[in-house]
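Thanks for coming. I have one structure to go through today, so please have the sequence and the coordinates open.

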Amino acid sequence: MQSIGIDAMAIAVPEGYLELRDLAEARGVPPAKYVDGLGVVRMAVAAPHEDPVALAADAVRRVFELGEIDPSTIGLCIVGTETAVDHSKPIAAYLHRLAGLPDRCRVYEAKHACFGGTAGLMTAVDWIASGSARGRKALVVCSDIARYGVKSAGEPTQGAGAVAMIISTNPRLLVLEPGVTGSFARDVDDFWRPLYSKDAVVDGKHSVQCYLDALIGAYEAYAEAAREAGIDPDGVVRRCYHVPYGKMARKAHRALLAHRGLSEDEADARFAGEVGSSLRFSAEIGNVYTGSLYLALASMLEAEAGELEGERIGLFSYGSGCCAEMFAGRVQKGAAAFVRKLALGAPLEARRALSIPAYEAIRAADAEIDRRPPSEPPIASRGVAFAGVEAERRLYLG
């Protein structure tokens with residue numbers, strides 16, 4: 001049987017970030033409540049020209065360049081997002097031009113809160129496994145801007161970014177296990193974004209419980225599928241979780257290991273070794289919604305791909321509303337050298353700190369961001385930029 005999985009990855013982040021310590025002090029909150037309480041040090045802040053299309057396009061161009069991927073080999077492009085820029089036209093359609101994809105390529109958008117990227121990944125794997133790909137690759141992109149009201153309880157859990165992944169046979173990073181996944185779904189009101197609002201609405205305590213319920217439900221479904229396939233469901237050396245904020249991963253690990261009979265102390269003792277390396281990127285960026293799980297995977301590979309070659313990693317994806325999936329993949333031999341070439345963490349180094357007034361000015365412009373007239377934005381190092389709207393059409397430079 002041919003191997004299928006993640007062949008290459010790249011991330012893109014806004015050029016500006018806010019120190020959570022500065023935000024805490026501005027809001028009259030002890031810095032430890034944000035930094036230690038959430039497990040986040042910095043929060044990415046998207047400027048008006050850094051919309052989900054621009055972030056997605058930059059991540060795709062980066063994965064094509066560093067992964068040495070010919071765009072003409074892409075036969076399927078799926079964008080997972082909950083920050084759509086249009087009620088009809090998908091981000092994938094904009095990417096078709098901006099990324100130079102071929103005409104014979106299926107492009108569309110997937111929406112299910114933070115699960116949209118995983119929905120795209122599962123579809124891409126099945127598309128290849130079915131034979132429909134006919135030797136072509138799939139491009140799966142997660143791109144989102146997490147916004148909450150200024151001075152609201154959710155404000156310190158914002159973030160922005162994109163993750164682009166190439167899915168193919170004989171992948172260079174992670175071989176997945178087609179058909180061996182565990183799904184869980186339920187109709188819940190834990191998090192949503194009304195059509196009239198750019199800011200999400202969240203029932204925080206309820207959402208945490210929904211996440212944990214879905215985690216156990218998906219694990220039980222995955223364990224059953226794995227055993228039927230002759231795979232040890234717990235035969236993984238690391239785990240990556242959906243990370244709306246770092247401390248949620250700790251809660252998830254405690255809940256999963258408790259379900260397997262371990263104490264909270266035992267779970268905490270294993271957390272740093274089994275999960276810790278997956279959290280560096282999210283601590284520097286914040287919540288990226290659909291891309292959060294894959295940002296965790298990129299962080300883990302950047303930190304210890306060499307030690308993980310030949311080993312299996314467990315992955316858990318959660319989307320409010322809700323739908324969840326648990327699955328696993330094996331790190332390929334040679335992945336460490338390829339990860340160095342991909343320079344997954346490099347975009348985090350080319351950023352600048354924002355002051356509180358600069359951040360609040362960006363947020364104050366949110367209401368009119370999708371109606372602003374064309375202008376020459378301060379692109380700086382940004383390869384693609386949202387330039388504004390003309391005759392109801394979004395314009396992009398780059």
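**A buried asparagine, a strand and a helix**

I'll start with Asn 287. Leaving aside residues up to four places away in sequence, Asn 287 touches Ala 146, Tyr 148, Thr 157, Gln 158, Gly 159, Ala 160, Val 243, Pro 244 and Ser 292. Keep in mind that this is a predicted model. Asn 287 sits in the loop between α9 (280-285) and α10 (292-308). Is Asn 287 buried or exposed? Buried: its relative accessible area is 3%. As for polar contacts, the side chain of Asn 287 is joined to that of Ser 292 at 3.1 Å.

Next, strand β6, residues 137-146. Nine of the ten residues in β6 are buried. With β4, β6 pairs in the parallel sense over six bridges, and Leu 76 has Ala 138 in β6 as its bridge partner. With β7 (residues 159-169), the pairing of β6 is antiparallel, over nine bridges. There, Ile 145 stands opposite Ala 160 of β7, and Ala 160 is also among the residues that Asn 287 touches.

Last, helix α4, residues 91-98. Which residues of α4 are buried? They are Ile 91, Ala 92, Tyr 94, Leu 95 and Leu 98. Looking down the axis of α4, these buried residues fall within an arc of 155°, so they line one face of the helix. In general, an α-helix has 3.6 residues a turn, so residues three or four places apart point the same way. After α4 comes Gly 100, with a positive phi near 70°.

Conventions:
Residues are numbered from 1 along each chain as its sequence is written. This is a predicted model: local features need pLDDT of at least 70, side-chain atom pairs count only at pLDDT 80 or more; totals for chains, interfaces and linings use all residues. Side-chain values use heavy atoms; hydrogens and water are left out. Buried means under 20% relative accessible area, exposed over 50%, partly exposed in between (1.4 Å probe, protein chains only). Helices (H or I, at least four residues) and strands (E, at least two) are DSSP runs, numbered from the N terminus. The arc is that of the directions from the helix axis to the C-beta atoms. Contact means heavy atoms within 4.5 Å. A polar contact is a pair of N or O atoms within 3.5 Å; within protein, one must be able to donate a hydrogen and the other to accept it, and residues adjacent in sequence count only if both atoms are side-chain atoms. Two strands pair if DSSP finds at least two bridges between them.
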